[in-house]
Amino acid sequence: MSQITHDRLLIIDFGSQVTQLIARRLRELNVYCEIHPYQRVTDAFLQEMAPRAIIFSGGPDSVMREGSPRPPQAAYDLGVPILGICYGQQVMMQDLGGRVEAGEHATAEFGRAYVTATGVESDLLTGWFDDGTREQVWMSHGDHVSEIAPGFEVLGTSPGAPFAITADRARRFYAVQFHPEVHHTPNGARLYENFVRLAGFTGDWTMGAYREEAIAKIRAQVGDRRVICGLSGGVDSSVAAVLIHEAIGDQLTCVFVDHGLLRQNEAEEVVTMFRDHYNIPLIHADESDLFLGELYGVSDPETKRKIIGRLFIDVFQKHANAIEGAEFLAQGTLYPDVIESVSFSGGPSVTIKSHHNVGGLPEKMGLRLVEPLRELFKDEVRALGRKLGLPQSFIGRHPFPGPGLAIRCPGEITREKLAILRRADAVFIDQIRRHGLYDEIWQAFVAILPVRTVGVMGDGRTYDFACALRAVTSVDGMTADYYPFSHDFLGETATRIINEVKGINRVTYDITSKPPGTIEWE
């Protein structure tokens with residue numbers, strides 16, 4: 001459990017794929033919150049965490065099923081406000097004496113719906129229904145509440161959910177059948193704002209305060225011992241490195257692993273920035289032969305990730321042994337990394353992919369972890385980076401995955417394909433910058449496809465690779481929409497890539513959103 005001393009809000013996760021969005025809405029309100037799978041939330045856990053409020057997330061299960069997920073009774077007995085969302089509403093109603101019925105066509109709702117106010121006033125709904133009697137919401141439920149628990153009142157209804165918004169104002173228990181955290185509930189953020197205000201949160205979770213707390217915690221953890229930091233050159237590991245350097249100075253040595261899977265000129269840019277601008281001790285470990293040798297012939301994306309993660313550990317082990325007194329390894333692990341990997345330790349959500357920097361270190365390494373960003377989301381890391389004085393040109397860089405170009409090269413990885421991919425990616429990013437679009441886009445890159453296609457260039461026939469352009473807009477990377485480039489832009493970019501990058505004769509644009517796709521191709 002985190003050592004954060006701010007007032008905490010506990011989100012009990014029942015398996016919804018959008019639970020992280022709840023946390024993002026709360027962090028935007030400067031409220032510190034943590035997501036924990038329902039299995040971990042025991043009576044002892046609640047006593048130790050002492051949350052000021054609790055939110056029950058949605059989930060894919062049915063409360064009608066024997067053995068379905070439940071919160072502990074102690075959650076209701078704490079005397080703190082609770083907000084139940086979708087499955088969270090249903091489990092609250094059933095636990096407290098109401099009734100839930102299996103879904104039928106007439107009562108199921110999936111997608112956009114409209115909630116109508118009943119006229120019962122509640123501070124939970126301040127700012128709702130101001131422009132009329134209806135609010136647009138996003139529903140995703142089959143089962144429905146057929147009888148509310150004693151003490152609850154109905155604040156809002158919808159065609160498929162007669163108890164769409166309910167409240168027991170005496171106990172400060174609230175429940176909604178829809179998902180206020182998603183974009184398709186336009187006024188959902190206001191509902192969360194009202195809830196945390198009712199719970200007494202003061203909004204004291206800021207990156208300025210976090211910076212000071214993190215520095216103090218790093219100093220207390222490390223003492224006078226040495227730390228090596230895994231520096232990838234991305235925003236996360238770079239902010240972690242600068243934060244740790246501010247805390248312990250030259251006790252930190254950064255190890256920048258060039259695994260041969262970086263973008264064009266990236267290694268030189270990273271080394272120059274950290275050695276010249278920040279004067280941070282830096283080891284540039286060119287291990288491209290090692291990584292590419294082990295990846296030779298490997299096509300499965302999860303196997304690629306595991307190989308890269310294992311080799312990172314091996315490389316750090318080698319350099320840690322060469323640094324006298326090194327007892328800690330620092331990583332830029334973020335909170336979404338931790339949550340997405342949680343099902344390995346019993347969480348209810350389906351694991352989407354494993355992360356190479358989550359899960360601890362093998363005992364043989366003999367190093368303890370320093371992860372000063374482990375409680376932060378990406379945009380919070382950017383805000384912290386600004387507080388630390390990193391240049392905006394660097395802070396605003398698009399995210400880059402730890403496995404690098406390996407997961408933008410579906411199928412077998414070869415040096416030839418990587419060289420082609422680097423050049424194509426550089427052209428695409430240059431195009432985006434030339435057109436002034438870089439800061440509008442969350443992430444943009446090229447993926448080289450594991451197929452060759454026939455083309456005609458000049459008077460000759462070509463048989464070269466196809467590539468896919470990928471650009472998305474997002475707030476936190478948990479959901480994303482493709483960026484709506486103009487046809488003129490796409491045509492101009494395709495022409496440049498084909499003319500300037502030998503080895504590509506066909507360019508496509510990926511218009512898949514997340515979900516159902518992921519941002520990266522693997």
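One of the contacts pairs Cys229 with Cys254 of E13. To get from E12 to E13, the chain passes through helix H7 (residues 235–248), and this β-α-β crossover is right-handed, meaning that with the strands pointing away from the viewer, the path from the first strand over the helix to the second runs clockwise. The model is a predicted one, where local features need pLDDT of at least 70 and side-chain atom pairs count only at pLDDT 80 or more, while totals for chains, interfaces and linings use all residues. Residues are numbered from 1 along each chain as its sequence is written, and side-chain values use heavy atoms, leaving out hydrogens and water.

On its other pairing, E13 runs parallel to strand E14 (residues 282–286), again with 5 bridges, and Phe256 has His284 of E14 as its bridge partner. Helix H8 (residues 266–277) carries the chain from E13 to E14 in a right-handed β-α-β crossover.

E13 (residues 252–258) is largely enclosed by the rest of the structure, because 7 of its 7 residues are buried (under 20% relative accessible area with a 1.4 Å probe, protein chains only; exposed is over 50% and partly exposed in between). Leu252, Cys254, Phe256 and Asp258 point one way, and Thr253, Val255 and Val257 the other.

Helix H4 (residues 87–95) is mostly covered too, with 7 of 9 residues buried, among them Tyr87 and Met93. Just after H4, Gly97 takes a positive phi of about 110°.

Note on methods: Helices (H or I, at least four residues) and strands (E, at least two) are DSSP runs, numbered from the N terminus. Two strands pair if DSSP finds at least two bridges between them.
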